[in-house]
Amino acid sequence: MKAFLRDSVVYTLSLYLISLVFDGLGIEGGAQTLIIAGVIFTLISYIIKPILKIITLPLTLITFGVFSFFINAILLYLLVIMVPQITVTAFAFQGMNIGGFVSPPIYFNVFFAYIVISFAISFIATAIKWVFHK
């Protein structure tokens, strides 16, 4: 139960932070929607993610693990279906210039928006779990 609550808080915080960074993730309804989404995303990750990993094991092995990004995108799509206040839409990354490194503007359609946002959620969730690990 403790791990479930911890993961729910981590996914809730990850969804909130990603909604601030990317315009493609829309959350309506405030904190209540975020908490419900975090709990549902945790349930999806606990129940459906292992099943998808087993089913897609050959594809994951062939692509050296790259297919796991698609699994995370599928989980995000299931979250969007289950919580109608959360939307994923196409968005444009405006680019950046950090220390002479210039990134051009990039447009992400809905398919790639799911992949980019799910990657970002996984990255943020892993970073938060790493920081607060015992």
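With a relative accessibility of 19%, Phe67 falls on the buried side, because buried here means under 20%. This comes from a predicted model. Phe70, on the other hand, has a relative accessibility of 30% and so counts as partly exposed.

These residues belong to a wider picture of ring contacts. A pair of aromatic rings is described by the distance of the centres and the angle of the planes. Searching the whole structure turns up ten aromatic pairs. One of them joins Phe67 and Phe70, whose ring centres sit 5.5 Å from each other with 40° between the planes, which makes the pair tilted. Phe91 and Phe108 make another tilted pair, at 5.2 Å centre to centre and again with 40° between the planes. Phe91 is part of strand β3 (residues 91-93), while Phe108 is in strand β6 (residues 106-108), so their contact ties together parts of the chain that lie 17 residues apart in sequence. Both Phe91 and Phe108 are buried.

Helix α5 covers residues 110-131. The helix has 22 residues and runs 31 Å from its first C-alpha to its last, close to the 32 Å expected at 1.5 Å a residue. Quite a list of α5 residues is buried, namely Ala113, Tyr114, Ile115, Ile117, Ser118, Ala120, Ile121, Ala125 and Ile128.

Methods: Residues numbered from 1 in each chain as written. Predicted model: local features only at pLDDT ≥ 70, side-chain atom pairs only at ≥ 80, totals over all residues. Heavy atoms only, no water. Phe/Tyr/Trp six-rings, centres within 6.5 Å; stacked < 30°, edge-to-face > 60°. Buried < 20%, exposed > 50% of the residue type's maximum accessible area, 1.4 Å probe, protein only. Helix = DSSP H or I, 4+ residues; strand = E, 2+ residues; numbered from the N terminus. Expected span 1.5 Å × (residues − 1).
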